[in-house]
Amino acid sequence: MVEMAEFGRTTVRLYCVSIRKNIETQMSIQEIFQYIDATRSSTALRESYYVFPIVEGTHVISLALSVGLVIWFDLRLAGWILGDQPVSAVFRPLRPFMLAGFGLTFVTGGLLFWAMALRCYGSPFFWAKMIMLVLGGINITVYHVTIDRRRTEWDEAPFPPVQARIAGLVSLALWVGIIAAGRLMAYFL
């Protein structure tokens, strides 16, 4: 305020116009992806001879850890395997490894996106993968806030209730689709 007062009304008016332009400026999704793609960190990662392949390889390994374990749990929810084991007994030991795998998958996937944001924007496989990831998150949330809250009632049943089986089958289908879209995206970028 003191600096503006010294320069008079013209400076204050220019400052207000500048603020208004910044507020009114909106970037499209494509412009956001272009901005990310043009950053030095994106270029450095994309052009790195060693770092990019390490990130990509770590992403695949973390997917095997997280999604591989989720598949076991989903197959138990569907009632296809381990019917003699309570659902909680199957889930409990897998959970820390699933969460660690998903954390690593999220970080490495974010880095891969950061390195190739503009290419991702033009890829239908990227958008399909993102839609399926959102649907997977919704499926997990619905499962945990509804049927999983009553797990003590059906925990030891060889075939869980229909809602749990549906959640498991939807999860299986989505993860197959997510991985397929991710692999296709990698081949066509």
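**Exercise 1. Salt bridges**

How many salt bridges does a search of the whole structure find? Classify the partners of each bridge as buried, partly exposed or exposed.

*Solution.* The coordinates are those of a predicted model.

Step 1. The search of the whole structure returns three salt bridges.

Step 2. R46 is bridged to D37, with 3.0 Å between the closest N and O atoms. D37, at 16% relative accessibility, counts as buried.

Step 3. R151 and D148 meet through their side chains at 2.7 Å, N to O. R151 is buried at 14% relative accessibility, and D148 is buried at 13%.

Step 4. E153 and R150 form a salt bridge whose closest N and O atoms are 3.9 Å apart; this value passes because the cut-off is 4 Å. E153 is exposed, with a relative accessible area of 63%, whereas R150 is partly exposed at 37%.

**Exercise 2. Overall architecture**

Describe the secondary structure, burial and contact pattern of the protein.

*Solution.* 

Step 1. Of the 189 residues, 33% are buried. The accessible surface is about 12,300 Å², and carbon and sulfur atoms account for 68% of that surface.

Step 2. Among contacts between residues at least 6 apart in sequence, 73% join residues at least 24 apart.

**Exercise 3. Nonpolar cores**

Which residues of the largest nonpolar core touch the most other members, and which elements give two or more residues to this core?

*Solution.* 

Step 1. The largest core holds 21 residues, and those touching the most other members are F73, L77, M98, Y143, W154 and A164.

Step 2. Two or more residues come from each of α5 (51-77), α6 (87-115), α8 (124-145) and α10 (162-188).

Step 3. Apart from this core lies another, of 12 residues, including F33, M116, A117 and F126.

Step 4. For F73, once residues up to four places away in sequence are set aside, the contacts are V87, V90, F91, L94 and Y143.

**Exercise 4. Aromatic geometry**

Assign the Y49–Y50 and F102–W175 pairs to their geometric classes.

*Solution.* 

Step 1. A pair of aromatic rings is described by the distance of the centres and the angle of the planes. The count for the structure is 12 aromatic pairs.

Step 2. Y49 and Y50 lie 5.1 Å apart, centre to centre, with 90° between the planes. The pair is edge-to-face because the angle is over 60 degrees. Y49 is exposed at 67% relative accessibility, and Y50 is exposed at 59%.

Step 3. The ring centres of F102 and W175 are 5.4 Å apart and the planes stand at 40°, so this pair is tilted. F102 belongs to helix α6 and W175 to helix α10, so the pair ties together parts 73 residues apart in sequence. F102 is partly exposed, with a relative accessible area of 25%, while W175 is buried at 12%.

**Exercise 5. Further ring interactions**

Which residues form one aromatic cluster, and which ring does R183 lie over?

*Solution.* 

Step 1. The cluster consists of F33, F113, Y121, F126 and W127. F33 and F126 are also among the members of the 12-residue core.

Step 2. R183 lies over the face of Y187, at 5.4 Å from the ring centre.

Terms used
Residues are numbered from 1 along each chain as its sequence is written. This is a predicted model: local features need pLDDT of at least 70, side-chain atom pairs count only at pLDDT 80 or more; totals for chains, interfaces and linings use all residues. Side-chain values use heavy atoms; hydrogens and water are left out. Buried means under 20% relative accessible area, exposed over 50%, partly exposed in between (1.4 Å probe, protein chains only). Contact means heavy atoms within 4.5 Å. Accessible areas come from the Shrake-Rupley method with a 1.4 Å probe; for residues, only the protein chains shown count as cover. A nonpolar core is a set of buried Ala, Val, Leu, Ile, Met, Phe, Trp, Tyr and Cys residues joined through side-chain atoms within 4.5 Å. Helices (H or I, at least four residues) and strands (E, at least two) are DSSP runs, numbered from the N terminus. Rings of Phe, Tyr and Trp (its six-membered ring) pair if their centres lie within 6.5 Å; planes under 30 degrees apart count as stacked, over 60 as edge-to-face and the rest as tilted. A charge sits over a ring if NZ of Lys or CZ of Arg is within 6 Å of the ring centre and within 35 degrees of the ring normal.
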